[in-house]
Structure formats: structure tokens, C-alpha cells
Amino acid sequence: TTANYPDVSMDSYSENRLVAIYWVSFMVISFFYIMNLILAVCTQQYDKSINFRKVSREKLAKKLLSDAFSLLDQKDKGFVSRESIMNVMAILNQDMPEVKTMSSEEKSIIYALLDKNGSDSICLDEFLDWSLVMLLNLSKESDYATLVETKLPYVYQSQWYTRLSEVVKSNRFDAAIDVILVLNAMTILMQDYSMLVGHDTGDPENDETLDTKWEKLETLFTALYVLEVMLKVTINGWKKYKESARNLFDFFVTCMTILASFYVYYPNTYNNTNLIRFIVMARVLRLVRLLFAIESFRLLGAITLDILPASRDIFLVLLFVAYFFATSGQLLYGGYITRDPSNPLSHALLEATEFTSSAYWPNNFNDMFSGMNVLFNLLVVNNWTTCIQGFEYTTGSKTVRFFFLFFHLICVTGISNVITSVVINSFFQQLEVIEHRYGRNERVDGTSIRGSRAFFAASVLTGTNTGVQGKYSAHIQAVNFDVDIDERAVMR
């Protein structure tokens, strides 16, 4: 596992240098070839299983929708009336909590999207698109109206507010905030340089430097961040603001900094300024957004956010297996690792010199938390041979190695490679999806497609009069991440 290499080979290598041929050949065959071969096989099998599931799900969806169409078209007319489709959507609202509740306007829009030829009836080919249309998330343009727009229309229509909106929505505003972030990072670096390099900073419990120029400058930065949030929420509205993951991260860090500042600066018995310093330093994490000015990093970040849900199931499997081994470890080896001098096991443990010299006492199965920590150490294959030594000496048997070996084979060799396969497969799948999602802006039959959203007037769609007034936007996202959906093709 390379965890104890080259330690395990040094005795024989010191006696005869030619022994290195044995060890090197073993590592080349087992570690560099066989382990990568296992990864390649896992990736291939995972790809096959995903493709099989895709085909099976598409066939099943087509069969179920065809059966549903037959039930609705009992007189074999070859079409289903508008009334029947609207009744089905009403039943879905009432009896299917996993289906998003649809308003009467949304039902009319969905029906119009299904009725592609404007015949005011749904044929089988149109009905087969039901599963895609139901994935649409519809938003009315008026839902994004800001507080100023609804409550203070005279301010919203004023010339100065219009200019302010243009500034806040411009790239120059974000660039100015990025400059402030860089200056903030430089300030924190200069202020806390001694702490960062490990020099003595004095007694934090009696720190009387709250009103230094650095602290005042950091307070100014905090005020600027608060102003940024207020301007963006005021101009864009809270609903649009929270749709951006970057905005939510900035909002969370800003709120955390404000709360910590009040808690530390407000007169009370607690005067440790290290808390606020660490939180102020955490604010520099916002510098990550500078990376997203680079297209490659922006693409990587978007893919990462998309593949996290796809990896959920395999991580749950890993958690289940780790829980099983942790529980088994408690039953088999709970209480064996102890520092209680009245317990004979503590004397046996002292003979495990490598274990004790490394201070591995907390690595035990005496409770669930400690057991999960031991298993995580095994998962990253870090000094697991040192950890196992303590259990060997306290149990007096080398059979304990089988417990650790089985976990290594199942989780490290098996599940870890499956996780890698999931990440590889999901990365390339989402890369293709995102490249389509952020393609050039299009306009199709009066509908504007920008990114992953389509913007349209809802009164007439595909030749069908919906009776709905106003402008809407729509975007689509698959519930199952192993199903490829060309979002822009669906929008067209």
C-alpha cells in the first residue's frame, strides 16, 4: 500500500543491494500497473452501468407515458383533449408531493409547450415529451420585481436610480469589489504576519489593540462589504441575488464577520480578539471569486457544483460501510486501547513502541467517533501499519490484521476507485452539458435563450393561446444526474 515503503525493505536492502530488484518490480507490477488496471476496469464498468441505466430509463419512461396516453385516450381518437391534460396536472398537484405545485398559469404554459402544432389537443408524440416539460421551472418576470420597483416606483423610474442600477450591474462594479478584496488580503497579511509565521503575539486574553489602525481599516472593509450586499439586494432583488452561489457565499461571510464584530467589540467579559481575527481572515476566502474571472476556473467551479449531487449515492455507500466497520470494531476491539494504568492492556500497549511514540492513543474503537477517525486514516492509507501495531499487542494476535485488510480491500481498493470513476464520468458528462448551457445567445420563434434559461412572452406559445399575460423565464434540470439532457435543445 506504500504506507510502509521503503521502511519494510530497508533491512534486506542494506544487506544486499540486488534485493531492490524484487521490491521495485513488486511496486511496478502491483502499484503502478495492477492498481491502475483496477481503476480502469471500475471506470469501464461504471460507464457501462450508467449507459445501461440511461437506455433502461428512457425505455421505461416511453412505455409508461405510452400506457398513460392509452388510458387517457380510451376511445382511440389518437389525441387527448386539453381538459384531460389539465385534469391530470390537477391530480399531480393534489396527490404527488414530489411534483412541484403548478399554478393555473403554469398549467396553461405547460399545456401550450406540449401542444407543439397548436391543434389544441395532444397526440402521442407530443405526450412523450411530458417528462421533459415537467422538469421545467417557470418564473414570472414580475416575481423578480425589487422592493424599490414595487413600493417606490417614483424612485425606481428616477434618473439617478437608473444610473445607479447600471453601475451595480456592470462588470466595473465587481472589478472594484475585487480590488477591495485584494487590498483587504494585503491588510490582513500585514496585521497578522507575526501570528501566521508563529511568533509570540502576546496574551490574547489581555489584548488591548482593538483600536489600532489595522482594526479600523478592517472595520472599513467590513462596511464596504455590507454596502456591496445592500446595493446588490436593492438593485437586483433578493430572489435574483440568492440564485448566485457566489453572492450567497459573500453574504454568509459578511454576516458572520458582522456578528463576530458585534460579539467581540460589544462591552462584555469576553475580550479575546483572536476570534474576530480568524473570521476576518476567513473573509479573504472571497478572493476565490477572482479565479472565476478566468474561464477555465469558472468552468471547473460550475462542473464541481454539478457533480457533487451525482457523487452523493456512492459517498452514502462509503458511509454505510465505514459505519459497519466502526460498529464491528467497537464490538471486537472496544476498550483495548487504553492509558488506564490499572488496566493490564495498557502495559501490553507500551511494548508497541512505534504506536506509543507516535502518540496514537486516540486511534481506537472505544467509541463511534474514534472508530470513524481510525477508518478515515486507513482510507487515506496513512501510517495504517503503525495504527495496527497497537491492536496487535493488546489482542496478542496478528489475526486483527484481517479486519484492517478487509476494510482496505473494500473501501480503498474498491469504493475509492468507484468514487474516482464517478468523478471522471460526471466531469465529462457535465462538461458537455455546461458547454451547451453557456453557448451563445439565441432567439428562436420569439424566445430568447441566454445560458440555461429561456425568456418568452407567455400569451401565445407554439401557436397555442395560453390566456396568460406577462413575461416568463424557464430553465430545466434533470432529477437524475446520470441522465443527459441537452438543456438548450429542450429550450428550443
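Figure 1. A cavity is a set of points on a 1 Å grid over the protein atoms alone where a 1.4 Å probe fits but cannot get out; a volume is the space filled by probe spheres set on the points, which are joined across faces, edges and corners. The second largest cavity contains about 90 Å³ of space. Its lining, defined as residues with an atom within 4 Å of a point, consists of Val99, Lys100, Met102, Glu106, Ile110, Met134, Leu136, Asn137 and Leu138. By class, six of these residues are nonpolar, one is polar and two are charged; Ala, Val, Leu, Ile, Met, Phe, Trp, Tyr, Cys and Pro count as nonpolar, Asp, Glu, Lys and Arg as charged, and the others, Gly among them, as polar. At least two lining residues come from each of α4 (104-114) and β3 (136-140), and β3 gives the most, with three residues. Helices (H or I, at least four residues) and strands (E, at least two) are DSSP runs numbered from the N terminus.

Residues are numbered from 1 along each chain as its sequence is written. The model is predicted, so that local features need pLDDT of at least 70 and side-chain atom pairs count only at pLDDT 80 or more, while totals for chains, interfaces and linings use all residues, and side-chain values use heavy atoms, with hydrogens and water left out.

**Figure 2. Strand β9 and its two antiparallel partners.** Strand β9 (residues 471-476) has five of its six residues buried, where buried means under 20% relative accessible area, exposed over 50% and partly exposed in between (1.4 Å probe, protein chains only). Five bridges join β9 to β3 in an antiparallel arrangement. Strand β6 (residues 453-457) is likewise antiparallel to β9 and joined to it by five bridges. Two strands pair if DSSP finds at least two bridges between them. Ala474 in β9 stands opposite Leu138 and is also the bridge partner of Ala454. Leu138 belongs to the lining of the second largest cavity as well.

Figure 3. The structure holds six salt bridges, each a side-chain nitrogen of Lys or Arg within 4 Å of a carboxyl oxygen of Asp or Glu. One of them joins the side chains of Lys116 and Asp129 at 2.3 Å, N to O. Lys116 lies in the loop between α4 and β2 (121-123), and Asp129 in the loop between α5 (124-127) and α6 (130-133), 13 residues apart. Lys116 is partly exposed, with a relative accessible area of 49%. In the pair of Glu392 and Arg401, the closest N and O atoms are 2.4 Å apart. Glu392 counts as buried at 11% relative accessibility, whereas Arg401 counts as partly exposed at 41%.

**Figure 4. The salt-bridge network of Asp174, Glu228 and Lys232.** These three residues are linked in a network of salt bridges. Within it, the side chains of Asp174 and Lys232 meet at 3.2 Å, N to O. Asp174 lies in helix α10 (residues 171-191) and Lys232 in helix α12 (residues 213-236), so the pair ties together parts that are 58 residues apart in sequence. Both Asp174 and Lys232 are buried.

**Figure 5. The largest nonpolar core.** A nonpolar core is a set of buried Ala, Val, Leu, Ile, Met, Phe, Trp, Tyr and Cys residues joined through side-chain atoms within 4.5 Å. Of the 30 residues in the largest one, Phe365, Leu375, Leu378, Phe391, Phe404 and Ile415 touch the most other members. At least two core residues come from each of α2 (19-72), α18 (312-333), α21 (368-379), α22 (384-395) and α23 (400-437). Helix α23 gives the most, with nine residues.

Notes:
On a 1 Å grid over the protein atoms alone, a cavity is a set of points where a 1.4 Å probe fits but cannot get out, and a pocket is an open set with protein on both sides within 12 Å along at least five of seven lines; lining residues have an atom within 4 Å of a point.
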